[in-house]
Amino acid sequence: MVSSIGGNVATNAGGPHCLKYGIITKHVLGLEIVTGTGEVVSVGGKAADRPGYDLTGTMVGNEGTFGLVTAITVRLLHLPEAVKTALASFASLVEASEAVSAIIAAGIIPAALEMLDDAMIGAINAAWARCIRTAPGRAAHRARRAARRGGGSGRESRGDLS
Ligand SMILES: Cc1cc2nc3c(=O)[nH]c(=O)nc-3n(C[C@H](O)[C@H](O)[C@H](O)COP(=O)(O)OP(=O)(O)OC[C@H]3O[C@@H](n4cnc5c(N)ncnc54)[C@H](O)[C@@H]3O)c2cc1C
C-alpha cells in the first residue's frame, strides 16, 4: 500500500513514525499550490520558522479544499547512526502496553512502534506464510528488563528476540 506525498500533505498524515518525528506539517517548509481558478501560489520557502503568518501550516491538512499541491519542499533529517528492529511477543495487550510505557519512560523513543493482536498476526501469517509466534516468550521479559536498564538488550536482531 502506497500513499502519495501530496495525499500525505493534504491529510497532514502521521503514521507509525510520528512518535519520534512528528506529523508531516513539521517537515513541510514550502508549497506550490494551484487554486481552483488556476492561479499558482507559493507559500513558505526553503527556510524553517520564517517570519509572518504560517501559511504553509494552514495549507497542510486542507484535504485539497484550497487547491492542488504541485510542489513540496521538505526539511532534511540526518540518517540515524544505526537502525535496530526488534520483535517481541507478550501474553496480553496489557503486558504489551506496559512494555511500551517502560520503553518510553526509559527515554528511548523508537522510530516506530506497532502493536499487533492475535487476529492481526494470524492475518499476516496467513497472507505471507510468516511464522510470527503469538505465545509469550522470554522476549517480553527481556524487552522490559532492557527498558528498565535504559538501553538495548544487547541481543536485538532483525527478527524475533526470543
Ligand atoms: C490502512 C490505512 C492506515 C492509515 N494509517 C494512518 C496513520 O497511522 N496515521 C495517519 O496520519 N494516517 C493514516 N492513514 C491515512 C493516510 O495517511 C492518508 O489517507 C494518506 O496519507 C493519504 O495519502 P493518499 O496518497 O492515499 O491520498 P488520497 O487518499 O489520494 O487523498 C487524500 C486527500 O488528499 C487530497 N489530495 C491528494 N493529493 C493531493 C494534492 N497533490 N494536492 C491537494 N490535495 C491532494 C485528496 O483530494 C483527498 O482529499 C491511513 C490510511 C489507511 C488506508
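Predicted model: local features only at pLDDT ≥ 70, side-chain atom pairs only at ≥ 80, totals over all residues.
Entry 1: I began with the strands and their order. The model has 3 strands in an open sheet, arranged S2-S1-S3, and their pairing is antiparallel. From one strand to the next, the twist averages 15°.

Entry 2: I then examined S1 (residues 28–34) and S2 (residues 40–44), which run antiparallel and are joined by 5 bridges. Going along this pair, I found Gly30 opposite Gly44 in S2, and Leu31 opposite Val43 in S2. The two strands, S1 and S2, form a hairpin with 5 residues between them. In the turn I looked up Gly38, which has a positive phi of about 90°.

**Entry 3: helix H4.** I checked the length of H4, which covers residues 93–105. At 1.5 Å a residue, its 13 residues should span 18 Å, and the end C-alpha atoms are 18 Å apart, so the two values agree. After H4 comes Gly107, with a positive phi near 85°.

**Entry 4: the ligand shell.** Finally, I asked which residues surround the ligand. There are 14 of them, and the closest are Gly6, Gly7, Ala10, Ala13 and Gly64. Helix H1 (5–11) and strand S3 (68–74) each contribute at least two residues to this shell. H1 gives the most, with 5 residues. Sorted by class, I recorded 9 polar, 4 nonpolar and 1 charged residues in the shell.

How values were computed
Residues numbered from 1 in each chain as written. Near = placed C-beta within 6 Å. Helix = DSSP H or I, 4+ residues; strand = E, 2+ residues; numbered from the N terminus. Nonpolar A, V, L, I, M, F, W, Y, C, P; charged D, E, K, R; others polar. Pairing = 2+ DSSP bridges. Expected span 1.5 Å × (residues − 1). Axes fitted to C-alpha atoms, helices over the stretch in contact; angles between N-to-C directions.
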